[in-house]
Amino acid sequence: MIAIENQAVVSENAIPKDASDEFVVPESNAFGQSFRDYEGSVRQSIVENCYRLHHINQTYDFVKRTREEYAKLNKAEMSIWEAIELLDNFVDETDPDLEEPQIQHMLQTAEAIRKDYPSEDWLHLTALIHDLGKVLFHSKFGSLPQWAVNGDTLIVGCAYDESIVYHKYLKENPDYNNPAYNTKLGVYSEGCGLENVLLSWGHDDYMYLVLRASGTTLPPAALFIIRYHSLYPMHSKGAYQYLMNDEDRENLKWSQTFSKYDLYSKSKVHIDVEKVKPYYESLIKKYFPEKIRW
């Protein structure tokens with residue numbers, strides 16, 4: 001992880017809570033169904049088709065090429081809140097649990113974490129901006145298709161983990177039968193660290209690139225959460241342990257804690273944006289320059 005001057009540190013008293021602590025997981029999602037049901041969701045056809053395109057097109061070469069292009073950060077210069085407002089009407093086609101605008105999901109996640117971790121304002125802000133990379137869909141950023149913006153992420157350049165949702169479609173990816181990429185380690189080495197692997201391209205990795213260059217003083221755990229919050233094989237199934245280093249394993253605790261708020265705070269009950277905006281604007285001012293490059 002790149003060191004940032006004056007970077008905040010996580011309080012020694014801040015301990016990631018188990019799923020059984022504080023946060024109560026709802027019995028059903030916004031549609032009254034089970035969470036992350038990829039077989040019987042009312043949005044199944046939309047979700048499955050987006051994942052099919054994602055799994056077929058997210059090759060190692062595509063990821064490397066696209067990441068290098070967006071790492072230039074030459075698409076826009078604006079504040080965090082200006083970017084948030086671009087997501088006011090954006091609905092994620094890969095989400096089987098909600099069809100509300102992304103700004104609501106981001107605020108719902110942030111407010112749920114704020115309740116359980118009142119002293120960890122860095123975590124509140126991390127939750128608010130965790131999906132902000134979805135601005136990639138906007139015309140300012142090239143209007144990328146949803147399969148190149150959303151969905152669970154996976155590591156490219158090595159064998160696909162069996163727990164990846166809609167794994168069957170990965171067999172249509174050119175890398176699936178490529179001996180350079182289809183072994184356990186592929187192009188990587190044991191314990192190389194997640195900083196040195198490539199993820200399928202999307203909002204997670206893009207926002208990480210933005211943050212890394214922004215001068216933010218958020219702690220390393222925040223950047224880890226944002227880059228890997230959609231890597232569900234890792235934080236829910238224990239995959240990719242052989243690629244992780246000690247820093248990854250320490251930050252993973254926060255990623256796993258964050259995950260339950262990200263997944264289970266989704267609701268059709270909207271947050272009053274104008275009511276909470278002053279609080280989050282104060283956090284943005286604390287941790288970010290006024291304008292950053294995108």
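Tyr181 is buried, at a relative accessible area of 13%, where buried means under 20% relative accessible area, exposed over 50% and partly exposed in between (1.4 Å probe, protein chains only). Tyr60 is likewise counted as buried, at 14% relative accessibility. The model is predicted, so local features need pLDDT of at least 70 and side-chain atom pairs count only at pLDDT 80 or more, while totals for chains, interfaces and linings use all residues. Residues are numbered from 1 along each chain as its sequence is written, and side-chain values use heavy atoms, with hydrogens and water left out.

**Aromatic contacts**

Rings of Phe, Tyr and Trp (its six-membered ring) pair if their centres lie within 6.5 Å; planes under 30 degrees apart count as stacked, over 60 as edge-to-face and the rest as tilted. The count by this rule is 14 aromatic pairs. Tyr60 and Tyr181 are stacked, because their ring centres are 4.9 Å apart and their planes stand at 25 degrees. This pair links distant parts of the chain, 121 residues apart: Tyr60 belongs to helix 2 (residues 60–70), and Tyr181 to the loop between strand 2 (155–156) and strand 3 (198–199). Helices (H or I, at least four residues) and strands (E, at least two) are DSSP runs, numbered from the N terminus.

One aromatic cluster is formed by Tyr70, Phe141, Trp201 and Tyr206. The charged end of Lys75 sits over the ring of Tyr70, 4.8 Å from its centre; the criterion is NZ of Lys or CZ of Arg within 6 Å of the ring centre and within 35 degrees of the ring normal.

**Nonpolar cores**

A nonpolar core is a set of buried Ala, Val, Leu, Ile, Met, Phe, Trp, Tyr and Cys residues joined through side-chain atoms within 4.5 Å. The largest has 82 residues, and Tyr206 is among those with the most contacts inside it, as are Ile80 and Trp294. Helix 7 (residues 220–228) supplies the largest share of this core, seven residues. Another core, of five residues including Tyr51 and Val165, lies apart from it.

**Salt bridges**

The structure holds 14 salt bridges, each a side-chain nitrogen of Lys or Arg within 4 Å of a carboxyl oxygen of Asp or Glu. Three of them are listed below.

| Pair | N to O distance | Relative accessible area |
|---|---|---|
| Glu69 and Lys72 | 3.1 Å | Glu69 28%, Lys72 46% |
| Asp131 and Lys134 | 3.3 Å | Asp131 3%, Lys134 3% |
| Lys253 and Glu250 | 3.4 Å | Lys253 43%, Glu250 45% |

Lys253 and Glu250 are three residues apart in helix 9 (residues 246–264), and therefore separated by about one helical turn.
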